[in-house]
Amino acid sequence: MDLWFTEKQTKDFGITAKIKRTLHTEKTDFQDLDMIETNEWGNMLVLDGMVMTTQKDEFVYHEMISHVPLFTHPNPQNVLVVGGGDGGVIREILKHPSVQKAVLVEIDGKVIEYSKQYLPEIAGKLEDPRVEVKVTDGFMHIAESEDAYDIILVDSTEPVGPAVQLFSKGFYAGISKALKTDGVFVAQTDNPWFKADLIQQVYQDVKEIFSITKLYTANIPTYPSGLWTFTMGSKTHHPLEVKQDRFHEIDTKYYTEEIHQACFALPKFVKDLTK
């Protein structure tokens, strides 16, 4: 008998993957956590029925949320990741030699624990001496921080459960306060096919707080619709005005200097969401 996992991305549409076996399932203090082994995508982390990451395509998301802001900033030294307990964003951040400290704030310690066990190639840098892991509320950590970080990356789930407050205007205002005077932040902001209203609202909220606000995209096949957006708020540095000598060689599978420029070219129906 074949076993399949289906994520219902809307009430009328979903994606499905054939399962080899369930590696772990647990109801944590915050969400339903499942780690499953699939034929097509390798090991897959699922939270509250939603695909968070897979071994096969994880590099796209983790590279694009990280390297676009880290190359935009001329000297990123202190970086904060809110969420991201699988460790993939931390792995990418540490590829930048200027980074002296990377702080991971993840509310659910079980995500970290089982990512280390079943996704070691993603979570493998969480033990690096430059990394500080805090199992606590990211919203509160931001509220208690001021002039502390060069870069803040919000690697959250979709706006359900504990992640709802990570999509609020007040949270973005807190991020601005927590950033240094030339700080940059990026948040994942879902997909334009099913969550256009969310993207539009987040973009307008960020635009009211940051002098430079840009939307960019990437192709992530296991995420709803496959077309994913990220919203950047920057105090002084423009992502399309990065000096040529700023781009240094790093080991990536998706991100390139050319992609850095091209990802800001939006389909018209997506660009319309920023007006």
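In this predicted model, Y216 is in contact (heavy atoms within 4.5 Å) with M64, I65, V68, P69, V186, W228, T229, F230, M232, C263, F264 and L266, leaving aside its neighbours within four places in sequence. Local features need pLDDT of at least 70 and side-chain atom pairs count only at pLDDT 80 or more, while totals for chains, interfaces and linings use all residues. Residues are numbered from 1 along each chain as its sequence is written, and side-chain values use heavy atoms, with hydrogens and water left out.

Y216 is also among the residues with the most contacts inside the largest nonpolar core, together with M64, V68, I90, I93 and F230. A nonpolar core is a set of buried Ala, Val, Leu, Ile, Met, Phe, Trp, Tyr and Cys residues joined through side-chain atoms within 4.5 Å; buried means under 20% relative accessible area with a 1.4 Å probe, protein chains only. This core has 38 residues, and its largest share, 8 residues, comes from α1. Another core, of 20 residues, lies apart from it and includes F167, F185, V202 and V206.

The protein chain contains 9 helices and 12 strands, which are DSSP runs (helices H or I, at least four residues; strands E, at least two) numbered from the N terminus. Of its 275 residues, 56% count as buried.

The C-alpha atoms of the protein chain fill a box of roughly 55 × 45 × 35 Å, taken along the principal axes.

Notes:
Buried means under 20% relative accessible area, exposed over 50%, partly exposed in between (1.4 Å probe, protein chains only).
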